[in-house]
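Open the model in your viewer and keep the selection tool ready.

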Amino acid sequence: MYRSAIYEEPLLNEIVTSKKEEINSITTIPDSLQRKKNIDIPNLDETQIVRHFHRLSQMNYGIDSGIYPLGSCTMKYNPKLCEEIASWGKFTNIHPCQDISTIQGNLQILFELERMLCEITGMDFFSLQPAAGAHGEFLGMLLTRAYHEDKNQGSRDEVILPDTSHGTNPASVSMAGYKLIEIPSNKDGTVDLKVLEESLSEKTACFMLTNPNTLGIFESDILKISKLVHDAGALLYYDGANINAIMGKARPGDMGFDIVHLNLHKTFATPHGGGGPGSGPIGVKMKLEKFLPIPRIGRTKEGKYIFDYDAPESIGKIRAYYGNFSVLLKAYTYILMMGRNGLKEASEIAVLNSNYMKKKILDSKLYEMPYKDIRKHEFVLSCEKLKQEKGIRAMDIAKRLLDYGFHPPTIYFPLIVKEALMIEPTETESKNDIDKYVEALIKIANEDPVLVKNAPNNTSVKRVDEVSASKNPILTWKMI
Ligand SMILES: *Cc1c(COP(=O)(O)O)cnc(C)c1O
């Protein structure tokens, strides 16, 4: 009965004919706009298209496929609930030009997120505008300039960085028009206080530091560093992309930092690696508040949330509208889900995983680790011994890991470690997954060097010519 009612032929024909007319009436393109020649693209049916894209997606590797211990990137698993909430129509169907009376709830979220980030970092005020870590750094440099100019110290034109600093730090400093002073680390892999003291002068605008640094080592002299920098009249900037290492345990604000940026897309539940969107909000101490970008999110006595443009000394705007809202929303959701103890536990497990993994690899005696032993969320190995003994380089190990179905770690960074493998397991990997990765690293070190040097062997794309790829990139592909 059911079948025949639906598939009765005249009825079906009627539906098809009427729908076709309806569709034609909507989609008819005027003659003048119609293509004169057929477009030269492959003629594929739905099955073939679906299979093509599905296969491409299977060639991709992400944190949902397996461990992704890319150092200095915090590639951790992001709860799907954050994605779900960020995709609610109530959030996605709003327009940035809507009257603020209609988006009070959204503004409340941003207002509260700013307060939460203040508490996590120990800063007094936050701006959610920057769209990435590097963007936050750049804003930090603009704030630094505004601060010194306000004190008639505009001649301070140098920014000091340690030689372990992340590549975006020197780039942001230069983009903001400052002179870069790079200082060498001491034998522990931390800031050399004597060299720092000698480099500080009435020309210094800022010292930019990440703590733990990119070797994964905590700068235990941070209070002395802070005093030296402030005594010289300079500001102390915290690259907080690595806050995953210390959340709930220590706060940059308490260490003496004046400016902080965070990478919400690393620590606070936005998947990254595909190029965005990201978020690099910036926090400051009271003395820098008046320079923060406009608009600020304010709250009136009556409890109404507003965009506050009344900031005559603000450096202005650094971005259209008010930040990447969906990323901010995911961070807000994540922080609420985790709570104070959850965030602290995430950092504790991130550090435990990193130290467990490091110890297991070092016990094999196949890899070495220069500088201090105890690490935070990440550690940097050297394959120099393997290079000397078997000719196997960090790049070869990274490529061979692909054959084992793993994402490689960051390689050749920081620059002060020879043949560096920079590993950050994060708190979301199980002991089992960490053990398998360590096993693969040990196996590779014992393999025939020819096999390792020719890797990857099992992937759809073999070893690419990286020099040509960066020197002579082909950015468009023309279909013939
Ligand atoms: C990732 C990272 C940055 C840069 O962040 P982006 O969002 O990629 O611009 C800066 N510093 C450190 C230490 C980082 O790990």
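Select the shell around the ligand: its residues divide into 3 nonpolar, 7 polar and 3 charged. Here Ala, Val, Leu, Ile, Met, Phe, Trp, Tyr, Cys and Pro count as nonpolar, Asp, Glu, Lys and Arg as charged, and the others, Gly among them, as polar. This is a predicted model: local features need pLDDT of at least 70, side-chain atom pairs count only at pLDDT 80 or more, and totals for chains, interfaces and linings use all residues. Residues are numbered from 1 along each chain as its sequence is written, and side-chain values use heavy atoms, with hydrogens and water left out.

In total, 13 residues surround the ligand (a heavy atom within 4 Å of it). Ser72, Gly133, Asp239, His265 and Lys266 are the closest.

Next, color the helices (DSSP runs of H or I, at least four residues, numbered from the N terminus). H7 (133-150) and H12 (264-267) each supply at least two shell residues. H7 gives the most, with 3.

Now show side chains. An N or O atom of histidine 265 lies 2.7 Å from a ligand oxygen. For asparagine 263, the distance from a side-chain N or O atom to a ligand oxygen is 2.9 Å. At histidine 166, a ligand nitrogen is 3.5 Å from a side-chain N or O atom. The protein buries 86% of the 390 Å² that the ligand exposes when taken alone (Shrake-Rupley method, 1.4 Å probe).

Last stop: select strands E8 (296-299) and E9 (305-308) (DSSP runs of E, at least two residues). They pair in the antiparallel sense over 4 bridges; pairing takes at least two DSSP bridges. Isoleucine 297 has phenylalanine 307 in E9 as its bridge partner. E8 and E9 form a hairpin with 5 residues between them. Finish on glycine 303 in the turn, where phi is positive, about 90°.

Definitions and conventions
Polar contact = N/O pair within 3.5 Å; in protein donor to acceptor, adjacent residues only side chain to side chain.
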